[in-house]
Amino acid sequence: MGPIGVIKVSQSNHWANPSKAGAQEIMEMASALEERGRTLDQQQVNSALIGELAPAPGESVIEVGCGSGFLCRLIAPAVIPGGRIMGLDISPEIITIAQNYAIKTALADLIQWSTGMAEALPFKDASFDSALAARLLLHVSDPGAILKELRRVVRTGGKVVAMDWDFETVAVDHTNRELTRRVLNWRCDHYGGNNWSGRQLWKHMAAGGLSSLKLVPVVSVARNAEDSLTLSLFRAAQVARDGGRISPGEHDAWIGELKSALMAGCFFASIVYFIVSGIKE
Ligand SMILES: C[S@@+](CC[C@H](N)C(=O)[O-])C[C@H]1O[C@@H](n2cnc3c(N)ncnc32)[C@H](O)[C@@H]1O
């Protein structure tokens, strides 16, 4: 236990380095990224993100922490003709999976792949027009180091965009407020990295030397069982139960009410993603 109120990034967070998981689990993690990308609530978030990145024909874009390459494939059509995308990830296994997903599309020739640390990119200064770190910085111990690298590898006048959620912005309509707070706070503080990353992006971008900073908050709303946030809430209850913060009975009661609300069509949950962009001057 560290100092009171100081939350450390979980050491068991496999998103910090998927290669530490087994082969089967890495496959499942990659396919979870693909499934998440297809959900309605994440489509809304990704569309706002790409709107801020604003890739244009002929441009070169790097995504660090690209995972299965879902965003690389989404961005690629916008840089035609003449542009290129570079997807980089710490995990060689994930990069192989991303390559295989891309090969099945018409975009394969547009996207290059690289294994490496976002903190020490294997590219020369000013190699790209823009750079993106989406749902990555919450999993690393030094987000500032990555933003400095992204600034280094974009050209003067180029753009750096970072995005993360802030899990403590979750709102769920539930009759038991006290239990809801216990579930959400446990999930926020003990699972899946630094879940306050969203609110910290602004300071990291400023410290990274980026100028003309712009903040776009995206309120992502879940109304259906298939939405990504709905699944995250079920997972939250599971980890709060497994961590001993709620009892099995409380888990079942909390989830049971959410399921009833979903059946009745009156389920409501939301979360805020923060997108921060900046220019290299
Ligand atoms: C949650 S996934 C996000 C994937 C993708 N950006 C998206 O939004 O769908 C985070 C990815 O970052 C990668 N990653 C974690 N730490 C990294 C680092 N230090 N350098 C490069 N990639 C890293 C992980 O391997 C994982 O594939």
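How does the radius of gyration of the protein, with its 281 residues, sit against that of a compact globule? A compact globule would be near 19 Å, and the protein has 19 Å, so the two agree. That radius is taken over C-alpha atoms, and the globule rule is 2.2 Å times the number of residues to the power 0.38. What you see is a predicted model, in which local features need pLDDT of at least 70, side-chain atom pairs count only at pLDDT 80 or more, and totals for chains, interfaces and linings use all residues. Residues are numbered from 1 along each chain as its sequence is written.

View 1. Helices (H or I, at least four residues) and strands (E, at least two) are DSSP runs, numbered from the N terminus. The C-alpha trace spans about 55 × 45 × 35 Å along its principal axes. Of the 281 residues, 44% count as buried. Here, buried means that 20 or more other C-beta atoms lie within 10 Å of a residue's own, exposed means 12 or fewer, and partly exposed is in between, with C-beta atoms placed from the backbone. Now take the contacts between residues at least 6 apart in sequence: 78% of them join residues at least 24 apart. Two residues are in contact if their C-beta atoms, placed from the backbone, lie within 7 Å.

**View 2. The open sheet of 7 strands.** Follow the order S3-S2-S1-S4-S5-S7-S6, and you'll find mixed pairing along the way. Strand S3 (111–115) and strand S6 (211–222) stand at the edges with a single partner strand each, so one side of each has no neighbour in the sheet. Neighbouring strands are turned by 20° against each other on average, direction ignored. Strands count as paired if DSSP finds at least two bridges between them. In general, strands of a sheet pair through backbone hydrogen bonds, either parallel or antiparallel.

**View 3. Strands S4 and S5 side by side, with two helices on the sheet.** S4 and S5 run in the parallel sense and pair over 6 bridges. Look for Leu132 opposite Val161 in S5, and for Ala133 opposite Ala162. Helix H2 (residues 40–53) packs on the sheet, where it touches S4, S5, S6 and strand S7 (269–279), and its direction makes about 165° with that of S6. Helix H4 (residues 92–103) also packs on the sheet, touching strand S2 (84–89) and S3, at about 170° to the direction of S3. Axes are lines fitted to C-alpha atoms, for helices over the stretch in contact, and angles run from 0 to 180 degrees between N-to-C directions. As for S5, 14 of its 19 residues are buried, so this strand is largely enclosed by the rest of the structure.

**View 4. Helix H5 and what covers it.** H5 takes in residues 143–153, and its buried residues are Pro143, Ile146, Leu147, Glu149, Leu150, Arg151 and Val153. Their cover includes strand S1 (60–64), strand S4 (128–134), strand S5 (154–172) and helix H7 (197–207).

**View 5. The surroundings of the ligand.** There are 22 residues around the ligand, and the closest are Gly65, Gly67, Ile90, Ala118 and Arg135. A residue is near a molecule if its C-beta atom, placed from the backbone, lies within 6 Å of it. Sorted by class, this shell has 15 nonpolar, 4 polar and 3 charged residues. Ala, Val, Leu, Ile, Met, Phe, Trp, Tyr, Cys and Pro count as nonpolar, Asp, Glu, Lys and Arg as charged, and the others, Gly among them, as polar.

**View 6. Val79, Pro81 and strand S2.** Val79 lies in the loop between helix H3 (70–75) and S2, and it counts as buried because it has 21 C-beta neighbours inside 10 Å. Beyond its neighbours within four places in sequence, Val79 has contacts that include Pro55, Val61, Arg84 and Leu110. Pro81 belongs to the loop between H3 and S2, and a cis peptide bond with omega of about 0° joins Ile80 to Pro81. S2 has 5 of its 6 residues buried, so the strand is largely enclosed by the rest of the structure. S1 and S2 pair in the parallel sense over 5 bridges, with Glu63 opposite Gly87 in S2.

**View 7. Positive phi at Ala126 and Ser212.** Ala126 sits in the loop between S3 and S4, and its phi is about 55° although it is not a glycine. Ala126 is partly exposed, with 14 other C-beta atoms within 10 Å. Ser212 lies in strand S6, where its phi is near 50°. Ser212 counts as exposed, with 10 C-beta neighbours inside 10 Å.
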